[in-house]
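I opened the notebook to work through one chain, topic by topic.

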Amino acid sequence: MSSRCPEARQLNAMAAAVVLALGAAAPARADDPFLQRVLVEGSRASQIGLADSASAGTVTQSQLEARTVYRPGELLEATPGLVVSQHSGEGKANQFYLRGFNLDHGTDLRTTVDGMPVNQRSHAHGQGWTDLNFIIPELAARLDYKKGPYSASEGDFASAGATALTYANRLLTRELAITGGKNGYARALVAGSQETDNDGSLLYALESMHNDGPFTRGDNYRKLNAVLRYSQGYANNGYSITAMAYRGNWNATDQIPLRAVQGGSLGRFDAVDPTDGGGARRYSLSAAWRRTSDESSSQANAYVINNRLSLFSDFTYFLEDPVNGDQFAQPDRRVTSGVTASHTWHGHEEDMAWETTIGLQAQNDNIFNGLLHTKARETIDVVREDHIVESSLGLYVEQQIRLTPAIRAVGGVRADRYRFRVTGNRAENSGAASDTQLSPSLNFIFGPWSRTEFYVNAGSGFHSNDARGVVAKTDPATPLSRSRGYEVGLRSEAVKGLQTVLSLYRLDFDSELVYLGDAGTTEAGRPSRRYGIEFSNYWKPLKWLSLDADLAFARGRYREPAPEGDRIPGAVEGVAQLALTLTPQGPWSGALRLRYFGPRPLVEDNSVRSQATSTLNGRIAYKFSKSTQLELEGFNLANRRDSAIDYFYASRLKNESEAHDDIHFHPIESRSFRLTLTHAF
């Protein structure tokens, strides 16, 4: 049957819809042969009839493989409107921008990998710390994303967005990859899976990597990463047990003052304090279980994660201590354990169909962190040391119903209970608190008419605040800060080969988390409001050619007046990504991707603003055979001298007699190339 006839197109669309609908109950894997045909060989997965909002979607394995990423966390940039950056050494957690937010290291962007939370609560350096350096991109089977607080299944940190990365249970081939590149970049990967005697599968991957970057004192980032997984069954009927281990150590070139570069005392890639840097460890053991029948579906996840971080930073140089300098350490070690479970009942009667889901999410964090004044990584003084126990329980119910062939509704409510206990090295830093929050959501979906759906969404979410601020004796922070979101949008596939998404939204926060550049941490600030528009397009005019165009604009303001102004420092206003992907018949393939994020206010009165940042990355690959490929990746091909991040605050260099308010920036990496030889066996 020709794929051009209407009946075939309808059958293919229905098949993809069935597969993705099942995946909504449990994350899809790359192990089901039919699933692979739909998601790997196909183009962008259709969300017509599946998504509950215009700003939700799925990125397939083939799309993830086609992306050129400088660092693993940039896989998340497959989410339209999301920018992943860096303001320090390569081993440090990334910087995120989405929907008018400078999300620092992950606040208000909930991230999970195979059901395990990546955001770290009450972290020494920043609330919601999201370190994605343990990700192995070759194992990624799909990325699901949502934006806005419209889903009862998403809790803490999910107000701006939520991303869920799913690893494969099986790989089609075993793979060996060797990469070499500029600035001391070297990487080796071996990955594969082996069928066992009892119809199970053993997945394994081992990665080693080194990178100096373009910096005068190289990052000397050394990473060792491993994954071992045993699984039985398939995506929606089976189970898996997974062990992960990651270790990284690095030097850091933190942000530097613009005045020093303009005056010639520092180069763009120089550091003020050459002893900055850190080390990270992550070990996890997790289990996942899925069961699906015609009447119901169930899933459960359990995990234990051990994270350790030693981080040395110096953002103000000699402002506070003209003799020893201002370097500080933020050690953090924790054990995070938790369980998530849900059960869904399916039903239908004539044109009506419905699903009722109940779910539970429980998490406990046992944390030891601190703030130390250091010099060349040696402790001078202990500012504070704390033992934090933070526990939470979330319960939710969500009802989906198709009232007519053209009207769907999804309503839910979520209840969260949090407990905080802090035992500090000083009595004034100790205390306990608790809080409860109810978060309703309601979504209406109309259509499709002419392959076009319309969405109306409203919901409430929250982010938790740092336990140390919550129990503070003076001016304590609200334990759970509420958000409220509203959105209208459309999704259309009316034009053959073209997928278009348009959304307009508003997002309010009762308390904005603000990054303090001179302290290297975040604090709760004034209430805020953001309006925005997002316009996303995917066009596949030919079987071997696809084009992406994702555009977003946001307007962010504080809602309470203050003498200093109402602008939100770091709130990104414009974001764009344009991409061209070529996959012709034959051995050659390639891609180009332009990323832009625009100027941002750096102070509340908007008197100081950042410059825009643009990068052009690309890749070209040649297949010698079905099993051997050579790929060349290029980063910052235009060799632009832009900033990855900009801040405005006071600092003092060693040769200065007084402090200066100044822009402090971290440069994007200069033009570089990486060559990868991959062999499947």
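Which residues are linked with Arg-121 in a network of salt bridges? I looked them up in the model, which is predicted. Asp-332, Arg-334, Asp-365 and Glu-390 are linked with Arg-121 in that network.

**Entry 1: salt bridges**

I took the count of salt bridges, and it comes to 38.

Asp-52 sits in the loop between α2 (33-39) and β1 (57-60), and Arg-408 in strand β21 (residues 407-424), so the pair ties together parts 356 residues apart in sequence. Asp-52 is partly exposed at 22% relative accessible area. Arg-408 is buried, at 7%.

Buried or exposed, Glu-656 and Arg-259? Both are buried.

Asp-510 counts as partly exposed, at 33% relative accessibility. Arg-559 counts as partly exposed too, at 35%.

**Entry 2: strand pairing**

I turned to an open sheet of three strands. What is the order of its strands? I read β14-β35-β34, with antiparallel pairing. β14 (256-257) and β34 (643-651) stand at the edges with a single partner strand each, so one side of each has no neighbour in the sheet. I looked at β14 in detail. Two bridges join β14 to strand β35 (residues 660-667), and they run antiparallel. In that pairing, Pro-257 is opposite His-664 of β35.

Strand β10 (residues 185-195) pairs with strand β11 (residues 200-211) in the antiparallel sense, over 10 bridges. Arg-187 has Met-209 in β11 as its bridge partner. The hairpin of β10 and β11 has four residues between the strands, and Asp-199 takes a positive phi near 65° there. On to β12: strand β11 is joined to strand β12 (residues 221-233) by 12 bridges, again antiparallel. Leu-206 stands opposite Ala-226 in β12.

**Entry 3: cores and a surface patch**

Which residues touch the most other members in the largest nonpolar core? I found Leu-64, Phe-96, Leu-139, Leu-165 and Tyr-167, out of 52 residues. Another core lies apart from it, with 19 residues, including Ala-552, Val-572, Phe-597 and Phe-665. I then listed the contacts of Leu-139, leaving aside neighbours within four places in sequence. Leu-139 is in contact with Thr-166, Tyr-167, Ala-168, Leu-171, Ala-191, Leu-203, Ala-205 and Val-227.

On the surface I marked a nonpolar patch. Leu-442, Phe-444, Val-456, Val-488, Leu-504, Ile-533 and Phe-553 form it, with about 560 Å² of accessible area together. I looked up one of these residues. Val-456 lies in strand β23 (residues 452-464). Val-456 is partly exposed, at 38% relative accessible area.

Where is the cis peptide bond at Pro-448? I found that it joins Gly-447 and Pro-448, with omega about 10°. Pro-448 is in the loop between β22 (431-446) and β23.

I also noted two residues other than glycine with positive phi. Ser-122 has phi near 50°. Ser-122 sits in the loop between β6 (116-117) and β7 (140-146), and is buried at 0% relative accessible area. Ala-376 also has phi near 50°. Ala-376 lies in the loop between β19 (352-375) and β20 (378-404), and counts as partly exposed at 43%.

Note on methods
Residues numbered from 1 in each chain as written. Predicted model: local features only at pLDDT ≥ 70, side-chain atom pairs only at ≥ 80, totals over all residues. Heavy atoms only, no water. Patch = residues over 30% accessible without salt bridge, like charges linked within 9 Å, V, L, I, M, F, W, Y side chains within 5 Å. Areas by Shrake-Rupley, 256 points an atom, 1.4 Å probe, with all protein chains shown as cover. Salt bridge = Lys/Arg side-chain N within 4 Å of Asp/Glu carboxyl O. Buried < 20%, exposed > 50% of the residue type's maximum accessible area, 1.4 Å probe, protein only. Core = buried A, V, L, I, M, F, W, Y, C linked by side-chain atoms within 4.5 Å. Contact = heavy atoms within 4.5 Å. Pairing = 2+ DSSP bridges.
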